Amino acid sequence: MDRELHGRLDELQRDPYPLYTRARQTGGLTHVVELDAWLVARDADVREVLRRPEDFSSAVALRPDVLPSPAALAVLGGGFGGRPVVVTADGAAHQRLRAPIVRGLSPARVTAVLPYAAERAAALVDTFAGDGQVDLMAAYARRLPGEVIGRIVGLDPADVPGVVHGGHRAEELLFRPLEEAEQVAAAEDVVAMQHTLDQYARERHDQPREDLCSELVASVVEGPLTLDHRHQLVADLQNLLIAGHLTTTALIGTTVLHLLRHPRQWELLCAEPERIPAAIEEAARYDTALQGFRRITTRAVVVAGTELPAGATLFIAFGAANRDERRHPRADTFDITRSPVARHLAFGLGVHGCPGSQLAREQLRLTLEELTRRLPGLRLAEDHPVTMRPTMIHRSPYALHLTW
């Protein structure tokens, strides 16, 4: 992708909502050059595609916006992974890859980790509560989700920062235009993370524990642990950990941002914390952290009256569907008192629905309980304008400077 086109893609991704509005108002589907895909923007059309995985394959769900340089690819060749993962698999393979994750993120497992999550949320707020100012993304939102999913997977807390950093670097490498030296540095960080995860896979194969890493190993390996098994396990663990922390990090950031951009709603939430669950759903709907995924047609199909051949790429925009007036009246208005709340698509739908949605919601609940109780005077720092990260995968502020 050339720099001019990437510049236009950045602009679109920083604020995709005007494009979404035009696409919903246009007959049929809209082809978007910057996305190199047909944009599916209406709620009913998004639901139709998600309910037909046999016609719309997930194989391209994580297709990168940037192809790493040969030097960066050479570094990546020293790592692990490169196998299909749950997000990019279809049919029986998808069910096989998804099953241990669903078990590992079951309501019982989530409930069991909540005391630890609550303890860590409180401890992180302790680090800045007396300062009068904070970048919430750096001090909190980029830390809590990694610590929590790391606990479920079975990581040593000392390894969590490196794994989280590697996840961020993987996203940068595949979705940001970096100079070659920076690409190589990012690739080295990713490979370091992969070697850490490979060590966990080998240790859990030899000595299983009551954690999700052991569950994944048992689901993949029967008998001796081969090199191919190790590649698959690192791919699975990397995908799970990145999904488990980057998306929740983004959700925390956008939720607090919009609450503070609407001070009366923040004040209402502080006065009536029982509204926190509704606020979470409204924030997830209003500015969806995971804006959407790509799909590719497996045969000739018709979507919204548009004829598509086999092999056509679509971008299934959850964020656009969540602003569809036909599903959500006053869709462009952020309103935590919205009632009744129509079911949104922030966590997907159907066979690829997010298995970690309960865990994400619980972390956001703990976050809002801590902040409304301890820092009700929170407001956006006027001298730090908020800039959104240009991504459709984990939409969030770069930084969120707050004062009180």
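**Ground rules.** I number residues from 1 along each chain as its sequence is written, and side-chain values use heavy atoms, with hydrogens and water left out. Because the model is predicted, local features need pLDDT of at least 70 and side-chain atom pairs count only at pLDDT 80 or more, while totals for chains, interfaces and linings use all residues.

**Entry one: His 231.** I found His 231 in helix α12, residues 227-261 (helices are DSSP runs of H or I, at least four residues, numbered from the N terminus). His 231 is buried, at 16% relative accessible area (buried is under 20%, exposed over 50%, partly exposed in between, with a 1.4 Å probe and protein chains only). I looked up its contacts (heavy atoms within 4.5 Å): leaving aside neighbours within four places in sequence, His 231 touches Gly 79, Phe 80, Gly 81 and Arg 83. A polar atom of the His 231 side chain lies 3.2 Å from the backbone nitrogen of Gly 81.

**Entry two: α5 and α11.** I checked how α5 (residues 91-104) meets α11 (residues 212-220): their axes come within 9 Å and cross at roughly 155 degrees (axes are lines fitted to C-alpha atoms over the stretch in contact, with angles from 0 to 180 degrees between N-to-C directions). The pair is therefore roughly antiparallel, a word used for angles over 145 degrees. Pro 100, Ile 101, Arg 103 and Gly 104 of α5 make the contact with Leu 212, Glu 215, Leu 216 and Ser 219 of α11.

Gln 207 is exposed, at 61% relative accessible area. Its C-alpha atom is 33 Å from that of Ala 185, 22 residues apart along the chain.

Terms used. Polar contact = N/O pair within 3.5 Å; in protein donor to acceptor, adjacent residues only side chain to side chain. Parallel < 35°, antiparallel > 145°, perpendicular 65-115°, else oblique.
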